[in-house]
Amino acid sequence: MMHPFAEYLNPYLGELLHNIALDKTFTRGEGCHLYDNTGKRYLDCIAAYGALPFGHNPAPIWEAVADLHSAKEPNFVQPSYLDAAGLLAQRLVELAPSGLRYVTFTNSGAETVEAALKLCRSATGRRGILAATNSFHGKTLGALSATGNPDYQTPFGAPLEGFDFVGYGDLAALEQHLSQKPRDYAAFLIEPIQGEGGIVVPPPGYLAGVKKICSRYGVLLVVDEIQTGLGRTGLLFACEEEGITPDVLLLAKALGGGLVPIGACLSTAAAYSAAYALKHSSTFAGNSLACRVALQVLAELTADEGALLHSVRKQGLILKEGLGVLQRKYPHIIRAVRGKGLMLGLELSTGGSHFAGTLLKVVAEQELLAPAVSAYLLNREGIRVAPTLNGGSVIRIEPPLIISGAQCRRVLAGVAAMLAELDKADTANFFSFLVSGEQLGKKGSAVASAAPSNGRHSPGAPAHEKKGDHGGAAAGEADDLPAAGRFAFLVHPLDLNSFSQFDQSLLSFSEAELAVLTKKWSSLVRPYVISRVNVESRNGSHAAGEFIVLPRTAGELAQMPRAEALQELREALDLAREGGAGIVGLGAYTAVVSMGGLYLKDEGIPLTTGNSYTVVSAAEAVQTACRKLDISPCQHTAAIIGAAGSIGKGMALLLSETVGGLVLVGNPRSKNSAPGSRRLLRVAAEIYRYLAGLLQTGRQMPDGSIGAQLARCKLLPPPEAPVDAFIDYALSASRRDGPLRLTTSAQEALSSCGIVISATSSDEKLIRPADLLPGAVVCDISRPPNVSAEVEELRPDVLVIDGGVVELPGCPNLGWSFGFPRGQAYACMAETVMLALEHRYEHFSLGSSGITLESILLTREWAHRHGFRTAALRSFDQPLGEPRWRQLLAARRAEAISQTRIMSQGD
């Protein structure tokens, strides 16, 4: 049953929290600890982003609430002299840096920023607002406009006019900016430490320097201490460290004591105006409940001569020094430790080289390591931390101010345990909490010992290898090569096994567990470059390219709404464009969901499905298999499953020259592929027209072949006849048992055909052991495969070959093996490379109409020119070596003897 939060409040965030295992339901909070609905205890080091100064349910704060209730003090009594609000304003002014005189109360941090913007504009008569890049000031429209992160602004039409940004920590940049627009800006809005920006601490003296520069240009300095203020850094206000008094000081979060929302905008008398004072108000601001709580917060912070602030400095030092020790031990994982007091940030590496050959590498490179680590610490160590919003690679450690030394040491122990596990580069063990409540047992341990932990890549896994190890020049050097073509190729995991092939540690998961993990993975990861390659052709031409992964299996792409799938494809195309690709190949299901590329043809970059050369290489593989088995194709009928598709149609055209008959199998679920449909009839018509053209040239056809049969047929139209004439002929021939039959029943076709071609867009297993004739030859071009793995086990007499596998010139290292030996790849990839070598940057092989006889023959010509060739035969994703070949021949002989006996017994 779905939690009401995910069902009614925020389904998008609910799904995200579920996918990264942060979807806890906390039912109790005491001090620094939270308890979930199972009773498990967690040490809270988020503290509501600083809004829980005294932890959960602090007794002194609740006592203040009880006192308010006992006194029956009114809560909302505007307009009047507000007693609690007045006392709180007085106390804040007493504690704040000297010179701050007036206070405006609000109900949140973002609202406090909004108040400050209005205050500064009214005081100066200027409209411009200057803020720092990478800053965060809230999510209401004005505060968002001052937030230096376009990712948060763009969907909402922010920033509004008049908002500009300057580099954080850079006094020279501030001076230059203001000198160019000396009368434009009402205020400069700055954080003493950028919190959501990644716990970024500016250079010493920065705030003091900012104050001087702003004063020189008449710009009001607004210091946003919504997160740093009220003890978080070990001082009551972080700006005190540099001895400055800002024109405006902003507070919130901790001011509510962890129970109520309240903010405060403190300002100097000079920054405060009658226009602002009389025209700015809020129904709920300054209410008695929030103000009485805030007064108690200030009392707690200043009690015993600021003992709590001293403790913050002490415990913060314990944490920061301990994290520094861990950073020096694991420099490849922790890039930096930053912050002051109990506002600390752990910046994680995004390079990923330590995790080469694993999904962890992708996680690190996409700045997902911080949420992954946060989820691990929560689920495995019972420690609650969180990433910063802008700094995607930074973990914030921001516990309640009351945290003890023992609890700090527990945090350090948990982080150390996490780093030791992460250092193993074992994806399965690190992420086991995502699929199971317990660590993997012996099975996981066994695989973990075999998995790489030294940063090297496993066989079959991706690798960004040393420069120059990509079949000639490295991709980085390819730009310097004369006339190098540029390409990109989109790939995706075909099925769950692809993930284990990529990252062998995942073999420790059951199929069900892997399905859970990969579903969560796919929802988080964006398209990424998995490897780069340079290819040198036989004639000396060069092409450099990238392989870009969409983290979706074929099944996921098939089930996704088409609009969502196309949007992910567009993201991948943007990545290809950024990499300088001149042509992009659509691999596997990316071609299917884009309707053979037609839905993406207006995206401003040339595309190919690679299907023309796939037809060439698959046809050559079938010919090789028949030759090795001493099979005469003209004595067999070939079934083309998926004949209405582009590859199926191309295969039917090429095989029609040599086979004795064709059964064109359409999709039973599609009206366009029904036996009598015009689409399937049109395929038959194209075959008849193609053969009519060959016969007209005097081409001799093998005895028994379709062409030889047609040579004796006087009703065959001439090749120049309109297509409708050939459609009529195809329809007539199918009714009189001609050489081409049309059906939507794969089983019917398989039961009568010794040669089978499967070229569908289905991810189902359409061909099973009982369907096939004895000694059949099957070429499976579909990816994912359409032939059931049971055929290999139960029908050793049947030869199943993987269609569309080729060898590239020079056998370059593609960086990811795709399950092939070095230098081998799918023909659709090869076609993309060929187009780059030819500098042919135009759409090619798109849609069913884009696969023509001309395009097929052209790719055959390019392959010969550049040195591409069909690879040695493979079966069920494995090389068909001599031992397997001998086993096949023995099984075929045994089956032939068995069939002979059955026939003799029948006689």
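This is a predicted model: local features need pLDDT of at least 70, side-chain atom pairs count only at pLDDT 80 or more; totals for chains, interfaces and linings use all residues.
Is Glu347 buried or exposed, and what is its relative accessible area? Glu347 is buried, with a relative accessible area of 13%.

**View 1. Arg338 pairs with Glu347.** The two side chains form a salt bridge. Their closest N and O atoms are 2.6 Å apart. Arg338 is partly exposed, at 22% relative accessible area. Glu347 has 13% and falls under the 20% limit, so this residue counts as buried.

**View 2. Arg570 meets Glu603.** A salt bridge joins the pair, with 3.0 Å between the closest N and O atoms. Arg570 sits in helix 22 (residues 562–578). Glu603 sits in the loop between helix 23 (589–593) and strand 20 (607–608). The pair therefore ties together parts that are 33 residues apart in sequence. Arg570 is partly exposed, at 24% relative accessibility. Glu603 is partly exposed too, with a relative accessible area of 27%.

**View 3. Arg678 and Asp724 link distant parts of the chain.** Their side chains meet in a salt bridge, 2.5 Å from N to O. Arg678 belongs to helix 26 (residues 678–696). Asp724 belongs to helix 28 (residues 723–735). Arg678 is partly exposed, at 49% relative accessibility. Asp724 is also partly exposed, at 40%.

**View 4. Glu73, Asp83 and Arg292 form a network.** Salt bridges link these three residues. How many salt bridges does the count come to? The count comes to 32 salt bridges.

Technical notes: Residues are numbered from 1 along each chain as its sequence is written. Side-chain values use heavy atoms; hydrogens and water are left out. A salt bridge is a side-chain nitrogen of Lys or Arg within 4 Å of a carboxyl oxygen of Asp or Glu. Buried means under 20% relative accessible area, exposed over 50%, partly exposed in between (1.4 Å probe, protein chains only). Helices (H or I, at least four residues) and strands (E, at least two) are DSSP runs, numbered from the N terminus.
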